[in-house]
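The sequence and structure come before the text.

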Amino acid sequence: MQPVQVLAALIGLLFLVLGIAGFLRTGFSGFTSNEHQTIVGFMINPLHNLVHTVIGVLGLLCAAASPSARLFGWILFIGYGLASVWGLMITGVISSNPVSGLGNPLNLDAADNWLHVLAALVGLVMAIMPARKRVHVDDSEVDTAAMRLPITDENVPGNADVPTRPVPQQTAAEPRTGHHRPSRWRMHRSGRTAH
């Protein structure tokens, strides 16, 4: 499991627990009410709880694969980035509020804004987190005969026309001797191998 998947699962679980605990506190009546009901210092109402629950379930579902976990990161970044800006306008941090006619259906306050900014930043980290690549090699596909083949000029592409002499195979136990192959320059110049 990739780190981005673990992060998606943890964030999904956190939001799911927050949403369910919120429903236990508020119930389902007054869906967009602005009553002063809080959970762990965050203002909530049933609509806000529903959003947390949906984000939580989405995070748990997206944790199944790395690409979907990254997509969940983008959803967090964009969604909670917009919710942060909207919350800042609602709470008066940004003086101009073009959506003031919509009111405050999510019952947002300053603490919610900080949670949303944090969620957006974590989402961005998840979205751009480098993937850890794994290479899977099936043992049945490995050609062991090709691995034991000594390297000579005949089996190196582009060297078939160069005259060579056979190279004796050495095993790991045999010590190297002073014998070596002549350089290619000498072979091309004389047309035959030098001894």
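## Nonpolar surface patch

Seven names make up a nonpolar patch on the surface: Leu71, Trp74, Ile75, Phe77, Ile78, Leu82 and Ile128, with about 670 Å² of accessible area together. Patches consist of residues with over 30% relative accessible area and no salt bridge; nonpolar side chains (Val, Leu, Ile, Met, Phe, Trp, Tyr) are joined within 5 Å, and like charges within 9 Å. A salt bridge is a side-chain nitrogen of Lys or Arg within 4 Å of a carboxyl oxygen of Asp or Glu. Accessible areas come from the Shrake-Rupley method with a 1.4 Å probe, and for residues only the protein chains shown count as cover.

The model is predicted: local features need pLDDT of at least 70 and side-chain atom pairs count only at pLDDT 80 or more, while totals for chains, interfaces and linings use all residues. Residues are numbered from 1 along each chain as its sequence is written, and side-chain values use heavy atoms, with hydrogens and water left out.

Helix α3 (residues 66-90) gives the largest share of the nonpolar patch, 6 residues. Helices (H or I, at least four residues) and strands (E, at least two) are DSSP runs, numbered from the N terminus. Leu82 is placed in helix α3 and counts as exposed, because its relative accessibility is 59%. The cut-offs are under 20% relative accessible area for buried and over 50% for exposed, with partly exposed in between (1.4 Å probe, protein chains only).

## Nonpolar cores

The largest nonpolar core has 15 residues, and Phe72, Leu76, Tyr80 and Met126 have the most contacts inside it. At least two residues of this core come from each of α1 (3-26), α2 (46-62), α3 and α4. The largest share, 5 residues, is supplied by α3. A nonpolar core is a set of buried Ala, Val, Leu, Ile, Met, Phe, Trp, Tyr and Cys residues joined through side-chain atoms within 4.5 Å.

Leaving aside residues up to four places away in sequence, Met126 touches Val4, Leu7, Ala8, Ile11, Ala69, Arg70, Phe72, Gly73 and Leu76. Contact here means heavy atoms within 4.5 Å. Another core, of 5 residues, lies apart from the largest one; Leu18, Phe42, Ile44 and Leu115 are among its residues.

## Aromatic pairs

The whole structure holds 3 aromatic pairs. Rings of Phe, Tyr and Trp (its six-membered ring) pair if their centres lie within 6.5 Å; planes under 30 degrees apart count as stacked, over 60 as edge-to-face and the rest as tilted. One of the pairs is Phe15 with Tyr80, stacked at 5.4 Å centre to centre with 20 degrees between the planes. This pair links distant parts of the chain, with Phe15 in helix α1 and Tyr80 in helix α3, 65 residues apart. Phe15 is buried at 4% relative accessibility, and Tyr80 is buried at 5%.

Trp74 and Phe77 form an edge-to-face pair, 6.1 Å centre to centre and 70 degrees between the planes. They are 3 residues apart in helix α3, so about one helical turn separates them. Trp74 is partly exposed at 36% relative accessible area, as is Phe77 at 31%.

## Positive phi angles

Val40, a residue other than glycine, has a positive phi near 50 degrees. Val40 sits in the loop between β1 (38-39) and β2 (42-43) and is exposed, with a relative accessible area of 70%.

Asn107 also is not glycine and has a positive phi, near 55 degrees. Asn107 lies in the loop between α3 and α4 (110-128) and is buried, at 3% relative accessibility.
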